[in-house]
Amino acid sequence: MAENKKFKIPFLDLAAQYAVLKPRVLPLIERVIEESAFVKGKYVAEFESRFVKMHEASGGVGCSNGTAAIEVALRALGVGEGDEVITTPNTFIATAEAILEVGARPVFADVDPETFLLDPAAVRRAIGPKTKAIMPVHLYGIPCDMTKLMEIANEHGLLVVEDCAQAHFAKHGGKYVGTFGDAATFSFYPGKNLGAYGDAGFLFVRDPAKLAVARKLVDHGRESKYVHDLVGANHRMDGLQGAVLGLKLDHILEWTKRRRAAAAEYSPRVKALGLPTALARAENEAVYHLFTVLVDDRDRVVERMQAEGIEVLIHYPVPLHLQPALRFLGYGEGSFPVAERVAKAILSLPVYPEITPDQIRTVVDSLAKSIGR
Ligand SMILES: *Cc1c(COP(=O)(O)O)cnc(C)c1O
């Protein structure tokens with residue numbers, strides 16, 4: 001994730017964040033090294049307990065990345081061979097990879113045309129005899145309709161695993177995402193709202209016995225130092241990442257407020273241009289990992305904005321059911337029309353805590369010009 005100096009407004013400005021953290025983060029990193037607290041250890045344990053407490057979650061464990069978190073969560077809940085997991089085609093491929101990695105099959109359901117997130121009505125239609133779990137993804141930092149999804153899950157006796165990789169501290173009905181389902185997973189990839197200095201992830205598991213299984217799976221199935229009662233793997237969190245994330249927890253709620261302020265600057269302006277954006281309904285507090293708009297002739301718009309020094313990206317141009325790697329699932333063009341429409345038109349504008357109202361005006365001016373307004 002190298003900073004790209006050729007853009008006058010970058011998509012994300014981690015250097016600005018580092019400038020603020022530097023006086024505290026460098027001595028902290030030095031301490032971790034001096035104490036040789038490299039893997040798991042006290043910094044990870046402290047971060048784990050604070051992250052869980054801030055969410056009022058029942059319990060959780062740190063791990064190596066967000067993809068591993070999904071895998072471990074599914075295994076700990078007993079999802080595997082022969083099971084189907086209903087999820088959205090509009091997400092990063094990790095969501096489906098982890099489902100396949102545990103031997104289960106991803107079954108896609110189309111997204112809601114207003115939120116671009118998993119549509120509860122489509123989920124209901126996708127339920128079959130092999131369905132074991134629903135995996136909503138709070139994409140862009142916008143919460144899914146967890147009220148309806150939990151209703152459906154309870155009605156059909158299905159597990160729910162929330163992919164919160166883009167939605168740290170977002171709320172639905174006043175409650176943090178990640179605390180609705182049987183398990184929830186987070187990514188601390190550097191570009192995420194809460195980002196490590198490398199890869200890291202987290203999972204919440206509601207049932208204490210299953211959480212204990214998850215803890216073991218993360219660390220070679222260890223019962224004690226030399227006794228392994230499960231076949232696990234090495235999915236442990238680094239001490240350095242635990243320490244850095246702990247420090248960043250002091251800032252995350254303030255950063256989230258500033259992301260919301262940036263989204264509030266963007267919203268009326270893109271609305272005035274007549275461009276649809278992913279809608280956060282009134283019962284939700286979104287955390288705007290991404291601020292997206294739908295535009296016609298998207299690739300031209302990208303080209304023009306980039307030429308004006310504004311870094312825009314696309315999340316995501318290819319829905320999962322049309323990814324070459326997932327062709328074997330048997331879906332094709334037309335399987336999920338809403339997700340396909342969104343993928344063709346979606347564009348992510350720069351959003352980060354440090355972005356200024358002036359920069360946002362510049363981005364929107366360039367967007368307006370690029371769409372011929
Ligand atoms: C980033 C991301 C992941 C994977 O997280 P990693 O830490 O990169 O493994 C999973 N799901 C979604 C929606 C993501 O954005």
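Is Thr-115 buried or exposed? I looked this one up to get started, and Thr-115 turns out to be buried, at a relative accessible area of 7%. For my own notes, buried means under 20% relative accessible area, exposed means over 50%, and partly exposed is what falls in between, using a 1.4 Å probe and protein chains only.

Before going on, I noted that this is a predicted model, where local features need pLDDT of at least 70, side-chain atom pairs count only at pLDDT 80 or more, and totals for chains, interfaces and linings use all residues. Residues are numbered from 1 along each chain as its sequence is written, and side-chain values use heavy atoms, with hydrogens and water left out.

**Entry: around Thr-115**

I found Thr-115 in the loop between strand 3 (105-108) and helix 5 (120-126). Helices here are DSSP runs of H or I with at least four residues, strands are runs of E with at least two, and both are numbered from the N terminus. Setting aside residues up to four places away in sequence, Thr-115 touches Tyr-140, Ala-278, Leu-279 and Arg-281. A contact means heavy atoms within 4.5 Å.

Then I checked Phe-116, which lies in the loop between strand 3 and helix 5. Phe-116 is not a glycine, yet its phi is positive, at about 65 degrees. Phe-116 counts as buried, with 1% relative accessibility.

**Entry: the ligand**

Which residues come nearest to the ligand? I got Gly-66, Thr-67, Asp-163, Ser-187 and Lys-192, out of 14 residues around the ligand. A residue is taken as near if one of its heavy atoms lies within 4 Å of the molecule. I sorted the shell by type and got five nonpolar, seven polar and two charged residues. In this sorting, Ala, Val, Leu, Ile, Met, Phe, Trp, Tyr, Cys and Pro are nonpolar, Asp, Glu, Lys and Arg are charged, and the others, Gly among them, are polar. Helix 3 (66-76) and helix 4 (94-101) each give at least two residues to the shell.

Next I went through some distances from ligand oxygen atoms. One lies 2.5 Å from an N or O atom in the side chain of Thr-67. For Gly-66, a polar backbone atom is 2.7 Å from a ligand oxygen. For Lys-192, an N or O atom of the side chain is 3.0 Å from a ligand oxygen. Taken alone, the ligand exposes 380 Å², and the protein buries 92% of that. These areas come from the Shrake-Rupley method with a 1.4 Å probe.

**Entry: salt bridges**

How many salt bridges does the structure hold? I have 23 written down. The rule is a side-chain nitrogen of Lys or Arg within 4 Å of a carboxyl oxygen of Asp or Glu. As background, side chains of opposite charge can pair when their charged atoms come close.

I picked out Lys-132 and Asp-83, whose side chains meet in a salt bridge at 3.9 Å, N to O. Lys-132 sits in strand 4 (residues 131-135) and Asp-83 in the loop between helix 3 and strand 2 (84-87), so this pair ties together parts 49 residues apart in sequence. Lys-132 is partly exposed at 29% relative accessibility, while Asp-83 is buried at 15%.

My next pair was Glu-155 and Arg-124, with their closest N and O atoms 2.8 Å apart. Glu-155 is in helix 6 (residues 146-156) and Arg-124 in helix 5, so parts 31 residues apart in sequence are tied together. Glu-155 counts as exposed at 51% relative accessibility, and Arg-124 as partly exposed at 37%.

I also looked at Lys-369 and Glu-308, a salt bridge of 2.7 Å, N to O. Lys-369 is exposed, with a relative accessible area of 53%, and Glu-308 is partly exposed, with 29%.

**Entry: other loops**

I found Ala-37 in the loop between helix 1 (14-34) and helix 2 (41-55), and Ala-37 is buried at 13% relative accessibility. Ala-37 and Asp-238 are 201 residues apart in sequence, but 8.4 Å apart in space, C-alpha to C-alpha. Ser-36 is in the loop between helix 1 and helix 2, and has a positive phi of about 50 degrees although it is not a glycine.

Where is the cis peptide bond that I wrote down? It joins His-315 and Tyr-316, with omega about 5 degrees. Tyr-316 lies in the loop between helix 9 and helix 10.

How values were computed: Polar contact = N/O pair within 3.5 Å; in protein donor to acceptor, adjacent residues only side chain to side chain.
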